[in-house]
Every structure is written in structure tokens, then in C-alpha cells.
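The stops below follow one another, each with something to pick.

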Amino acid sequence: MSQDDPCLDQLYRQHSRRVLATLIRLLGDFALAEEAMQEAFTAAVRQWPDEGIPDNPPAWLIRTGHRRGIDQIRRRQTAQHNAHLLAHANEAFPDPGEQTFEDDQLRLLFTCCHPALPLEARVALTLREMCGLTTEQVASALLQKPATLAQRIVRAKKKIRMAGIPYDIPEAGELPERLPGVLRVIYLVFNEGYSRSEGEQVVDVSLAAEAIRLANELARLLPDGEVFGLLALMLLHHSRRDARQDKAGELITLEDQDRSLWDQTHIGTGLQWLEAALARTPTGPYTLQASIAAVHAKAVIAGDTDWARIVRLYGALYQQQPTPVVALNRAVAVAMRDTPAAGLMLLDELASHKVFAGYHRFHAARADLYRRAGNNDEARRCYQQALALVSQGPERRFLERQLRALDVSG
Amino acid sequence: MKYVALVYYQESIINAMTEQAWHDLNQECIAGVERLTDQGNYVAGQALHPVESATTVRVRDEEVLISDGPFAETKEQLAGFYLLEARDLNEALQLASRIPPARFGTIEVRPVRELPPKD
């Protein structure tokens, strides 16, 4: 067995995340735990060819890593500060069972997603510690400079230490407060991957797949309606990945997508998770969004879409999340259910709110409805307003195409 | 771990309160301190007079500069502080969330820095 041995590679992929999570708990420090884990794997490479693979590889790795970590603590003479860690150093504690691994994974996730950390740091930390991406991979995936991202992670770990953010699963009473934050981070990770065309990524890391994997883990460890709902939402969105961009990377709207390219396996799994989510009460925002995605997923052709249901779902979502985006989406759904004029009336009401003035999607939606209503002059005006607000990229090119198409049709 | 909870709110909110509401708020805070003390979380704390009573001191080039008012004009003003003993940040945040002015103001929670031993 060597460093490049596929067997070691597989063992690393299989066990490294849970070994890390447990070592962080035992050693009380991210950097120390990572070092200790690396040393444990190095020791495994050296010793296992002769001694054979132990019955419980992760337990062996944790014991070895723990010993190395404790040695480091002693050597650094921070013994007084870490007395509580050293007190247990010589205890022969039982091999960690599944429950311990799962608890430690949750601890790590909740710590990485702690609301006391800046949001960008939570995303970076989660990708680094939970998903095992290197700093370079995370930087590349988030389109940030590696040095900037590394600094962000260093500052986050410093805050965890200085402010005393505990390595803990929140108490049952606190979970309702803390779980949405974790889901939000996972969804952010998903959207980072979802909005970007795969071709633009230098390093081949699928953030969308990582987010789905994280949510799957979380669903197993913490069965909760909104966790299931988020998982359903992401799977349903992900099912359309091959249909939403053409070969040149240009946007194709939901209406125009080739539905035969939708991944039916993902849709099937997504709908199953949605069912599980709906079985639990109350129904939360992610579950509602997943329900909306499901209506689209079940329509074989765009014309089959049950827009009346979508309008009702957006109404329910607005009750829980009265945001401009939801209001806008509901107005568009009303237009699809009834007439463009009906949607335009709702948009006119929204227009009086300042927040929509600077929101390019508002103007784009308005333009689209004017276009459908046959009012090209107003459509043109609104497309131009949208273009004044949107930056370079697929969305801008899409709006430019729509505007040009108006000029062609008169 | 020790944490300071700095209590900020817009004084205009207090000024708009009725006498009874202000009295009730103070009673809530007193009861809160009792609870924190019983739980072993309360180390120290004080409510403060409004910012109009503040005076600022700076020493520059050995000159003592005194001016009227708080160190900066802010949307929310410092109204008081608590020095708390808590297991970790999560506990500190839970305690801070129960400080009555948290409902309409902002509580900043900051860990205490122990100074190194005297040389």
C-alpha cells in the first residue's frame, strides 16, 4: 500500500470526514485536528501493509490521531489552557460507534454554520470542513482569490476560538432557531453551483452535488420536514441542469426547455423527499418551494403546467416569506394562470415599492408580460430598464436577445 | 467564559413610552437580573443615564480634551451593560436574548479578554 494506492484513496474518501469531525471534538481545534488526521493517515500507510487493515479503521485512525494531537498540545505548552483535554488523554475510551460519528458530523455542521460567523465564512468553512474541499478548490468554486478565501477561513476559525463558539449540536429547544441557518448555507452552496455554467469552472467540483450530499447526510441525521423539503427542492432544480443552457451557455427559460433532457431519476427521488416533507407539519418555505418545483416537474409539456396550483403555493409561501422575489413570482404565475394583463396589474401595485425599482428581474418580468400582451413599446422600455441594472453574463445576453426580438417583430 | 452584553436602543423609543410602560420595563430588567444571579450567570452590570448625560475624554499630545456628549452619534444609544459568566457563546447569546430591551434594541455580545499577568 502506498500513498497513491487506490485503496488508501478510497479509505481516505470514506473515512476522513468523520475522523476529522470526531478529532475536532476531542482536540478542540480545527487546525490541530486536521494535522492529527493527516498524521494518522500517514501512519496507516506505513503500518497497515505489514499489520493488515484493522477491524475498525476509523476507530484506529481516531485513536492514532488523538494521540498525536495530545502530544502536540503538550509540546506547545498550552497544557494549562487545555487541561480538560489532557485529563482524558490517557483514558481508554471505547471505539466510537455510528452514533458518535453522526453526532460529531452534526456538531461540525452546526459549528461551521453558526450565525455568529459571517455568512460568506459559513459557506467557505462548510465546503472546507464538511465537504473536504481544499482551500484552492473552495476559492475556485466560489470565484474568489485563494488568498482572500484563506484569510476568511482563518478569521472564522479565530472567531470560533475567541468568542467561544462551542462545538455542539444545539439543544432541542434551540434547533428551530439554528436549523434554518444550516439549510440556508447548504442552499447557498447549491445556488453557487446551480447558477454557474459548468464550463466556467477551472477545478472540477460540483457544488450542487456537494450541497445535495450534505442535505442527504443531514436528512439522515436530523429528520425534519424542512430538511426533506430543501433536499427535494435541490433535486428538482438539479434535474433540469442539462436543459437550462444551450451548448453556447445561453439561458433557456423553463417554458422553452426540452423536457426530455430533465433527469427523471432526480425528479423521482425529489418527489419522494417532497412527500416525506409534506407528511410533517408545519409546512415550511423550502417545502413550499419544492412543491412549486414539483408542479413544473410533473408537467410533461409547458402547456400542462398547473398554474392555479402554483399561484396558491406562492400565496402560502408569501405568508411565510413576504419577500419581493416571492411577490414577483406570484404575479407572474397569476399572469400565466389568467392573462398577462392580470399579472401586469399586480406588478403595477408592486412598482410603488422602492425595492423593486432596482431589481432587474422585476423589470424583466414586466417586459415579458407586456410582450405577451402585445404592447411592444412598453416591453421595450422595461427591457431597457432591466438591462440598465443587470451585469454581464447569460442573463444579460438573454434580455438583449429578447429586446432584439421585439425590434424584429415591430 | 466571561462576556459583556452591551445594550443599545433608540432613546426616542423610551421617550415615547408611557410612565407605566417604562416602569414595567425596568421591573422586567430587575427580575431578569435576579434570575441571572440565581442561575450563576450575573457578574456585574448597570443601567446608564441617557447619552445627553455623557461626557467624552480624550488625551492627545498630553492635552486632556473634554467634550459634551457620547463618543459618536449613533442611531441606537448605549443604555447599559451586563458582565456575564457563561459556558460558551451559545449560552451567552441565549442569556442576551432574554434581556428585555433586546425586543426593540440591539445587544452586542463580546468575549472578555483576560489581560496577561503583570510584568
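Start with a pair of helices in chain A. The crossing of α5(A) and α10(A) is left-handed; left-handed means that the near helix is turned anticlockwise from the far one by less than a right angle, and clockwise would be right-handed. Helices (H or I, at least four residues) and strands (E, at least two) are DSSP runs, numbered from the N terminus.

Before going on, note that this is a predicted model: local features need pLDDT of at least 70, side-chain atom pairs count only at pLDDT 80 or more, and totals for chains, interfaces and linings use all residues. Residues are numbered from 1 along each chain as its sequence is written, while chains are lettered from A and ligands numbered from 1 in the order in which they are written.

Select residues 98-112 and 207-221 of chain A, which are α5 and α10. They pack at about 125 degrees, with axes 11 Å apart. Axes are lines fitted to C-alpha atoms, for helices over the stretch in contact, and angles run from 0 to 180 degrees between N-to-C directions. The two helices are therefore oblique to each other (under 35 degrees is roughly parallel, over 145 roughly antiparallel, 65 to 115 roughly perpendicular, the rest oblique).

Which residues meet here? A:Glu102, A:Gln105, A:Leu106 and A:Leu109 in α5(A) face A:Glu217, A:Leu218 and A:Leu221 in α10(A). Contact means C-beta atoms, placed from the backbone, within 7 Å.

Next, select residues 57-75 of chain A. This is α3, with 19 residues. From first C-alpha to last it reaches 27 Å, close to the 27 Å expected at 1.5 Å a residue (1.5 Å times one less than the number of residues). Its buried residues include A:Trp60, A:Leu61, A:His66 and A:Arg68. A residue is buried with 20 or more other C-beta atoms within 10 Å of its own, exposed with 12 or fewer, and partly exposed in between; C-beta atoms are placed from the backbone.

Zoom out to all of chain A. It has 20 helices and zero strands. Of its 410 residues, 36% are buried.

Now pick A:Pro282. It sits in the loop between α12 (264-278) and α13 (285-298). The peptide bond from A:Thr281 to A:Pro282 is cis, with omega near -10 degrees.

Finish in chain B, at the loop between β3 (55-60) and β4 (63-68), where B:Asp61 is found. B:Asp61 has a positive phi of about 50 degrees, although it is not a glycine. B:Glu62 lies in that loop between β3 and β4, with phi near 65 degrees.

Key: Two residues are in contact if their C-beta atoms, placed from the backbone, lie within 7 Å.
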